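Subject: Structure for your review

Dear colleague,

Please find below the structure that I am handing over to you, together with its sequence. My findings follow directly after it.

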Amino acid sequence: MTFKGMLIVVKDCRRALQFYSEMFGFQLIRDNGGNMELTDHVFLQELGYWENFTKKRVISNSNQSELYFEEPDIEEFTARLERLYPETQYVNRLMTHSWGQKVVRFYDPDGNLIEVGTPVSLP
């Protein structure tokens, strides 16, 4: 068995592609009309396809899982997020955990939870 990546359900693949390209640098590999493959094994699927295939309703902002990224220059990342997407809904703005890692948690435009933190150094 081979793990191929993660699939993110979105309302509009083009809009999601713009967000994930601007904020995380992902690039389009393949566009299958409502299903996109991006670099780094990221897949986007439009809500209508997902609900039709699974017969399940998507629950935005469900907080059941999150996409996790590490970024050494988190201050620049959060400034870019605020500049490009001022309507972003935050779970927590930039904060520092007791172990020293800086993190920010927010929802993408489709209600998928994202965490970006500074790299965690091992002892």
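E22 lies in helix α1. Please note that the model is a predicted one, and that the values in this message are computed from it.

**E22 and its surroundings**

With a relative accessible area of 32%, E22 is partly exposed, because that value falls between the 20% and 50% cut-offs. Setting aside residues within four places in sequence, the contacts of E22 are R80, L84 and Y85. With Y85 there is a polar contact between the two side chains, at 2.5 Å. As for R80, 58 residues separate it from E22 along the chain, and the C-alpha atoms of the two are 9.0 Å apart.

**R80**

R80 belongs to helix α3, which spans residues 74–84. Is this residue, R80, buried or exposed? Its relative accessible area is 17%, and R80 is therefore classed as buried, the limit being under 20%. The side chain of R80 reaches the backbone oxygen of M23 at a distance of 2.9 Å. Not counting residues up to four places away in sequence, R80 touches E22, M23 and Y85.

**The contact of α1 with α3**

Two packed helices are described by the angle between their axes and the distance between the axes. For helix α1 (residues 13–24) and α3, the axes come within 10 Å and cross at roughly 150°. The crossing in which α1 passes α3 is right-handed. On the α1 side the residues that meet the partner helix are F19, E22, M23 and F24, and on the α3 side they are F77, R80, L81 and L84. By class, the residues of this contact comprise six nonpolar, no polar and two charged.

**Aromatic residues**

How many aromatic pairs does a search of the whole structure find? The search finds twelve. One of them is formed by Y49 and F53, a tilted pair with 6.1 Å from centre to centre and 40° between the planes. Y49 and F53 are four residues apart in helix α2 (residues 47–54), so about one helical turn separates them. Y49 is partly exposed, its relative accessible area being 34%, whereas F53 counts as exposed at 54% relative accessibility.

There is also an aromatic cluster made up of F19, Y20, F24, F26, F69, F77, Y85, Y90 and F106. Its members include F19, F24 and F77, residues that also take part in the contact of α1 with α3. Y85 is another member of the cluster, and the side chain of Y85 is joined to that of E22 by the polar contact mentioned above.

**W99**

W99 is found in the loop between β6 (90–96) and β7 (102–107). Its relative accessible area of 57% makes W99 exposed. The side chain of W99 has a polar contact of 3.4 Å with the side chain of Q101. Between W99 and Y68, which are 31 residues apart along the chain, the C-alpha separation is 17 Å.

**E115**

E115 sits in strand β8 (residues 113–117). At 6% relative accessibility, E115 counts as buried. Leaving out residues up to four places away in sequence, E115 touches E66, L67, Y68 and F69, and also V103, V104 and R105. Among these residues, F69 is a member of the aromatic cluster described above.

**Positive phi values**

Most residues other than glycine have a negative phi. Which phi values were found for D40 and N61? For D40 phi is near 60°, a positive value in a residue other than glycine. D40 is located in the loop between β3 (35–38) and β4 (42–46), and with 59% relative accessibility D40 counts as exposed. For N61, likewise a residue other than glycine, phi is positive and near 55°. N61 is located in the loop between α2 and β5 (67–70), and N61 is partly exposed, with a relative accessible area of 28%.

Yours sincerely

Terms used:
Residues numbered from 1 in each chain as written. Predicted model: local features only at pLDDT ≥ 70, side-chain atom pairs only at ≥ 80, totals over all residues. Heavy atoms only, no water. Helix = DSSP H or I, 4+ residues; strand = E, 2+ residues; numbered from the N terminus. Buried < 20%, exposed > 50% of the residue type's maximum accessible area, 1.4 Å probe, protein only. Polar contact = N/O pair within 3.5 Å; in protein donor to acceptor, adjacent residues only side chain to side chain. Contact = heavy atoms within 4.5 Å. Phe/Tyr/Trp six-rings, centres within 6.5 Å; stacked < 30°, edge-to-face > 60°. Axes fitted to C-alpha atoms, helices over the stretch in contact; angles between N-to-C directions. Left-handed = near helix turned anticlockwise from the far one by under 90°. Nonpolar A, V, L, I, M, F, W, Y, C, P; charged D, E, K, R; others polar.
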